[in-house]
Amino acid sequence: MKEIESNKHSWSQISEDHYYAFKARFKEGTQFFNYYIKRELGDITGKDIIHLQCNTGADTILLAQMGAEHVTGVDLVPENIYYAKKLASDLNVTNVDFFESDIMTLSQKYNKKHDMVFTSEGALVWLPDMEVWAKTVRSLLNDTGYLYVFDSHPFFLMLDEEKLDKQIYDIKYPYFKKTPDFDTTIGGYASERKGLNTRLFNVVDCYNHVISYYNEPFN
Ligand SMILES: C[S@@+](CC[C@H](N)C(=O)[O-])C[C@H]1O[C@@H](n2cnc3c(N)ncnc32)[C@H](O)[C@@H]1O
């Protein structure tokens, strides 16, 4: 799919920056999960986890450091996998492994089962088909396994992004879109934002049923 290829290229352009940024945060002791994720995850000791859309492995490593028996990170971008392995090796974290795959085709080539599927923060919006995603998640879980997802609700994606900084919540985009949004930049949370073409998909299919039960503001 041309959008996925385009996104793959865009993400590859910030892999190295992410590696250095996450490595610095681990060294400073400032790489951690936010309050909500920590609280919701609870005790993951001994769990075998698969982390979808792991980027350069920072959260995969955090899960491993929190006591998971083993964590497998999967991402579309070969450069992300390269840097994820390098980060784990730099930090002497051995109970992780990483491999490259498009989530949309993962179930065709991977049949291992896990105790938990983990995915978070800006992941689902990159995927074109939530039904394929949900079936893939199920195929990755053993019978007592569960999915943990922490991500933006699609309602948020309807808001005018240019006004959000001023805390103005104007609806700009339709909820049910048939075509992906087009963005001209990528990154910004662990790298400079770079001017590249990316496609963000409509994710409302089933994702709109996943609603956080916390009412506290997210910081
Ligand atoms: C915003 S990041 C995920 C955030 C993650 N929590 C982190 O630590 O950076 C989105 C990730 O999704 C990956 N991605 C995008 N489309 C994908 C696809 N079709 N299959 C697998 N990974 C994909 C990108 O390569 C990128 O690493």
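**The sheet and its surroundings**

Guide: Two strands pair if DSSP finds at least two bridges between them. Helices (H or I, at least four residues) and strands (E, at least two) are DSSP runs, numbered from the N terminus. This is a predicted model, in which local features need pLDDT of at least 70, side-chain atom pairs count only at pLDDT 80 or more, and totals for chains, interfaces and linings use all residues. Residues are numbered from 1 along each chain as its sequence is written.

Visitor: How many bridges join β4 to β5?

Guide: In general, strands of a sheet pair through backbone hydrogen bonds, either parallel or antiparallel. Here β4 and β5 run parallel and are joined by 6 bridges. Histidine 114 has leucine 141 in β5 as its bridge partner, and phenylalanine 118 stands opposite tyrosine 148 in β5. β1 and β4 also pair in the parallel sense, over 3 bridges, and isoleucine 49 stands opposite methionine 116 in β4.

Visitor: Which residues have the most contacts inside the largest nonpolar core?

Guide: In soluble globular proteins, nonpolar side chains tend to be buried together. A nonpolar core is a set of buried Ala, Val, Leu, Ile, Met, Phe, Trp, Tyr and Cys residues joined through C-beta atoms within 7 Å. A residue is buried if 20 or more other C-beta atoms lie within 10 Å of its own, exposed if 12 or fewer, and partly exposed in between, with C-beta atoms placed from the backbone. The largest such core here has 33 residues, and Ile49, Ile61, Leu63, Ala84, Leu87 and Val117 have the most contacts inside it. Elements that give two or more residues to this core include β1 (48–52), β2 (70–75) and α5 (78–90). Of the 219 residues of the protein, 28% count as buried.

Visitor: Where does isoleucine 103 lie, and is it buried or exposed?

Guide: Isoleucine 103 lies in the loop between β3 (96–100) and β4 (114–120). Isoleucine 103 is buried because 23 other C-beta atoms lie within 10 Å. Two residues are in contact if their C-beta atoms, placed from the backbone, lie within 7 Å. Leaving aside neighbours within four places in sequence, isoleucine 103 is in contact with Leu52, Gln53, Leu127, Trp133 and Thr136. Isoleucine 103 and threonine 136 are 33 residues apart in sequence and 7.7 Å apart in space, C-alpha to C-alpha.

Visitor: Which residues come nearest to the ligand?

Guide: A residue is near a molecule or strand if its C-beta atom, placed from the backbone, lies within 6 Å of it. Of the 20 residues around the ligand, the nearest are Gln53, Asn55, Leu76, Gly122 and Trp126. Two or more residues of this shell come from each of α1 (2–12) and α4 (58–65), and α1 gives the most, with 3 residues.
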